Amino acid sequence: MNTAIIRFILGHVLKIEGLFLFLPAIVSGIYQEHEGFYFVGVASVSLLLGFIMTKKTPKSQVFYLKEGCIATSLSWILLSFFGCLPFYLSGEIPSFTDAMFETISGFTTTGATILSDVEGLSYCALFWRSFTHWIGGMGVLVFVLVLTKLDKKNTMYLIRAEVPGPEKDKLVPKTMSTARILYGMYFGLTAIEVLLLLLGGMNLYDSLIFSFGTAGTGGFANYSSSVGHFDSAYIDGVITVFMILFGINFNLYFFLLLRDFKPVWKNEELKTYLLMILSAACLITLNINHLYGNPLHAFRYAIFQVASIITTTGYATADHTLWPMFSQCVLLFLMMVGACASSTGGGMKVARFMMMMKCIKREIMQMVHPKSVSIIRMNGKKVDEDVLRTLNVYLMAYIGIIAGSVLLVSIDNMDFGTTFSSVLTTLNNIGPGINDVGPNGNFAGFSPLSKLVFCCDMLAGRLEIFPFLMLFTASAWNRKF
């Protein structure tokens with residue numbers, strides 16, 4: 001294993017985080033808060049360690065998938081550790097476990113929280129809390145590739161380990177150019193949302209907070225009532241549209257920039273994703289219409305909650321735990337499916353769900369016609385058998401993690417709905433679950449052991465399970481290839 005290149009990458013991550021930590025310090029200066037000094041202190045230490053770790057360039061910058069996965073997983077842990085220190089040192093979140101939970105939830109764009117009084121935090125702390133969503137949405141190592149000269153052929157392994165989805169493709173031949181294009185589109189969409197929210201009457205601070213949460217599909221807000229605080233159909237509509245947009249495969253936006261509409265029009269995952277949103281919203285509207293007395297009013301709340309759950313954003317304009325059980329079950333199904341591959345959304349991904357359905361269909365057809373040869377295709381292209389094998393292993397690992405996590409969390413003796421949905425919502429990076437962890441609840445009541453389980457689930461879910469599990473595989477640390 002090339003440990004030198006891992007150390008070098010981690011150093012760059014620390015330097016970038018150090019620069020980012022100065023942003024909430026600036027916010028504290030604007031609002032004249034003393035908490036900004038803690039951000040400056042942690043930023044300085046982060047930058048110093050980063051410069052020490054990158055002072056010596058590795059002799060060999062060649063690395064493979066193993067190094068890419070380990071570097072990615074360690075980067076997210078290191079990022080979360082330094083990111084939580086201002087919360088803990090300032091005393092705004094006095095428990096280190098809670099501070100770590102909140103920060104991992106931010107960077108993994110989960111949006112689960114242990115805070116019962118979010119308005120009690122300082123402006124700079126709330127800014128950093130939401131900004132972690134924006135950083136984690138596209139991925140910190142993608143940002144590393146944007147700012148550094150680490151542009152060797154094998155840096156694609158970093159994107160493979162960090163960008164969610166069953167398959168990762170370069171938009172252009174060079175990895176650094178791919179990273180710049182991704183972040184360019186990401187920044188552009190975020191800026192447009194900020195402007196539209198400003199037009200809706202939000203102030204600049206709130207516009208940034210909610211745009212960070214929407215872009216990263218995370219869901220942290222600076223109000224306990226989330227988006228419902230504004231009670232505005234316009235703001236609901238803007239955030240709904242952008243949650244859906246950020247849940248779409250970013251490769252398709254690149255095709256739109258090139259004015260190549262054919263791949264977008266023929267993309268099966270996009271069609272399924274949009275159809276699922278529309279179908280779920282219509283079904284829930286019919287189911288909750290009697291609660292609101294007006295189909296349009298019911299549809300407004302239904303489409304927002306559907307978009308929020310399937311994209312794993314976690315914003316809320318209504319408490320869906322008070323809706324009929326049918327609507328809650330539809331939302332639970334969307335929790336598992338998630339958004340599109342190569343988006344900022346979490347979950348299993350629509351592409352994996354489609355492949356799974358096609359595998360079931362192929363198996364049934366082969367039972368009916370044993371001699372038939374059936375090929376699974378996505379977007380008109382044959383799906384490689386290695387991808388299908390990885391899908392099957394992913395599903396087994398996914399189910400295994402859920403089962404193990406539920407077993408450990410059940411020690412806290414919460415009700416089943418709370419226990420199961422808390423695991424499901426953290427593994428799928430969603431945020432709110434049902435019952436005690438619903439939109440009006442939080443995770444404060446769980447034990448430190450359960451919170452540690454949730455932290456591992458959030459990291460595993462954001463990193464697509466295998467890169468995170470590789471940290472616990474002894475053979476992965478073997479220096480010999």
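Glu 102 and Arg 129 are both buried, and in this predicted model they pair up in a salt bridge whose closest N and O atoms sit 2.8 Å apart. That pair links distant parts of the chain, with Glu 102 in helix α4 and Arg 129 in helix α5 (residues 123–138), 27 residues apart.

Helix α4 turns up again in another pair. Lys 451 and Asp 98 meet through their side chains in a salt bridge of 2.6 Å, N to O. Since Lys 451 lies in helix α19 (residues 448–462) and Asp 98 in helix α4 (residues 96–107), the pair ties together parts 353 residues apart in sequence.

Then there's Glu 464, which forms a salt bridge with Lys 349, the closest N and O atoms being 3.6 Å apart. Here the partners sit in loops: Glu 464 between α19 and α20 (466–469), and Lys 349 between α15 (325–337) and α16 (350–368), 115 residues apart.

How buried are the partners in these last two pairs? Here are the values:

| Residue | Relative accessible area | State |
|---|---|---|
| Lys 451 | 7% | buried |
| Asp 98 | 16% | buried |
| Glu 464 | 5% | buried |
| Lys 349 | 1% | buried |

The count of salt bridges comes to 8. Asp 231, Asp 236 and Arg 300 are linked in a network of them.

Now for the surface. Leu 23, Ile 26, Ile 30, Tyr 31 and Tyr 123 make a nonpolar patch of about 480 Å². Helix α1 (residues 3–30) supplies the largest share of that patch, 3 residues. Ile 26 lies in helix α1 and is exposed, with a relative accessible area of 52%.

Key
Residues are numbered from 1 along each chain as its sequence is written. This is a predicted model: local features need pLDDT of at least 70, side-chain atom pairs count only at pLDDT 80 or more; totals for chains, interfaces and linings use all residues. Side-chain values use heavy atoms; hydrogens and water are left out. Patches are made of residues with over 30% relative accessible area and no salt bridge: like charges are joined within 9 Å, nonpolar side chains (Val, Leu, Ile, Met, Phe, Trp, Tyr) within 5 Å. Accessible areas come from the Shrake-Rupley method with a 1.4 Å probe; for residues, only the protein chains shown count as cover. A salt bridge is a side-chain nitrogen of Lys or Arg within 4 Å of a carboxyl oxygen of Asp or Glu. Helices (H or I, at least four residues) and strands (E, at least two) are DSSP runs, numbered from the N terminus. Buried means under 20% relative accessible area, exposed over 50%, partly exposed in between (1.4 Å probe, protein chains only).
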